[in-house]
Amino acid sequence: MIDLRSDTVTKPTEEMRKAMYEAEVGDDVYGEDPTVNKLEKRAAQMLGKEDALFVTSGTQGNQIAVLTHCQPGNEIILEEESHVFYYEGAGISALAGVQPRTVKGKRGNMTVEAIKAAIRPVDIHMPKTGLIILENTHNRAGGAVYPLEDMKNIYQLAQEKGIPVHIDGARLFNAAVASDVALSEYGRYSDTIQVCLSKGLGAPVGSVIAGSKEFIEEARRWRKMLGGGLRQVGVLAAPGLVALDNMIDRLSHDHKKARVLAEGISTIKGLSVKNNVETNIVVVDISESGKNVGQWTEKLKENGVLAVAFGENLLRFVTHYDVSEEEIQRALSVLNKIAG
Ligand SMILES: Cc1ncc(COP(=O)(O)O)c(CN[C@H](C(=O)O)[C@H](C)O)c1O
């Protein structure tokens, strides 16, 4: 199977499995797992933050960030197709008791003006704006990169208003590589960042939240309350360290594979690439193909290719470490064959 459903499907490399086997471990609830302590320190340093916390998933990282930043009854500003709003099961309302204020972004990027207009004035009738969440890269915008300049301007506005900024950086490494921006720059223009080790970087499990020492101390309490107090977690932190040390720069190969896929698809009758392919995601409009999205995913699967439905007439393909350039070419010939 050529699995292009997501970069979440990547399996740990041999090097990661060796690191898991050899990991030095301890009880992390007592702060005694040397490997996760090393991972958290490494991640904080790379992201230009004081401290960091290993969490089980990007969703847990985002939800803990909201729980730690906000009070029940706050309103948070986020993009209308952001992962936190679109795909996290209304967790921000169910768990943190906050109200989403969605803003439509341009290719997923909310403008400073639109965010400014969404910030609540102080008024007893109105909720307080408790957090602004930026997603970089933006999944539903097709892996769109948030330009650093925009993030800087948004952060300046947020600071003036005393509102924290959280980056849902599940694919921040892709953004950094695609825009040649140092990871620490994103830390400069945000209060907290969630990054996934388990997507393009290929680790089997986990994310990291980075922020101030005080924030991480509080976030660690929330994680414990949610049952995330992990024990000998070094076996999972070890591949995360391999991911941070060896799997970031190679993301440019995934971006190249995505460009090759997009260029090939754009020559296929009835198919069109919807997004500007900046990173590892290709969104394809199949509305002119004479087949619906369910027929496409079914026929692709019959021919050994996996993709996900991404809307009524949209398919999403995500390139990653476990799909080769040769397999991209094979996927293109399957797409050609189905398109007829
Ligand atoms: C921007 C962003 N932020 C957070 C998450 C959540 O990460 P996990 O909870 O899956 O580790 C995802 C996962 N995205 C997954 C995928 O793309 O296949 C699915 C949609 O949940 C994400 O794309």
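**Ligand site and local backbone features**

A polar backbone atom of G58 lies 2.9 Å from an oxygen atom of the ligand, a polar contact being a pair of N or O atoms within 3.5 Å. The model is predicted: local features need pLDDT of at least 70, side-chain atom pairs count only at pLDDT 80 or more, and totals for chains, interfaces and linings use all residues. Residues are numbered from 1 along each chain as its sequence is written, and side-chain values use heavy atoms, with hydrogens and water left out.

D168 places a polar side-chain atom 2.7 Å from a ligand nitrogen atom. For R316, a polar side-chain atom is 2.8 Å from a ligand oxygen atom. The protein buries 83% of the 510 Å² that the ligand exposes when taken alone (Shrake-Rupley method, 1.4 Å probe).

The shell around the ligand holds 14 residues, of which T59, H83, D168, R171 and R316 come nearest (near: a heavy atom within 4 Å). Two shell residues are nonpolar, seven polar and five charged; Gly counts as polar, and Asp, Glu, Lys and Arg as charged. Helix α3 (residues 58–69) gives the largest share of the shell, three residues. Helices (H or I, at least four residues) and strands (E, at least two) are DSSP runs, numbered from the N terminus.

The ligand sits in the second largest pocket. A pocket is an open set of points on a 1 Å grid over the protein atoms alone, where a 1.4 Å probe fits, with protein on both sides within 12 Å along at least five of seven lines. Sitting there requires more than half of the molecule's atoms within 2 Å of the grid points.

An open antiparallel sheet has four strands in the order β9-β10-β13-β12. Its edge strands, β9 (272–273) and β12 (308–311), each pair on one side only. Pairing requires at least two DSSP bridges. β9 and β10 (residues 281–285) pair over two bridges, antiparallel. S272 has D285 in β10 as its bridge partner.

Most residues other than glycine have a negative phi, and most peptide bonds are trans. The N136–T137 peptide bond is cis, with omega about -5 degrees. T137 lies in the loop between β5 (129–135) and α7 (148–161). A90, not a glycine, has a positive phi of about 60 degrees. The loop between α4 (83–86) and α5 (91–94) contains A90.

Definitions and conventions. A polar contact is a pair of N or O atoms within 3.5 Å; within protein, one must be able to donate a hydrogen and the other to accept it, and residues adjacent in sequence count only if both atoms are side-chain atoms. On a 1 Å grid over the protein atoms alone, a cavity is a set of points where a 1.4 Å probe fits but cannot get out, and a pocket is an open set with protein on both sides within 12 Å along at least five of seven lines; lining residues have an atom within 4 Å of a point.
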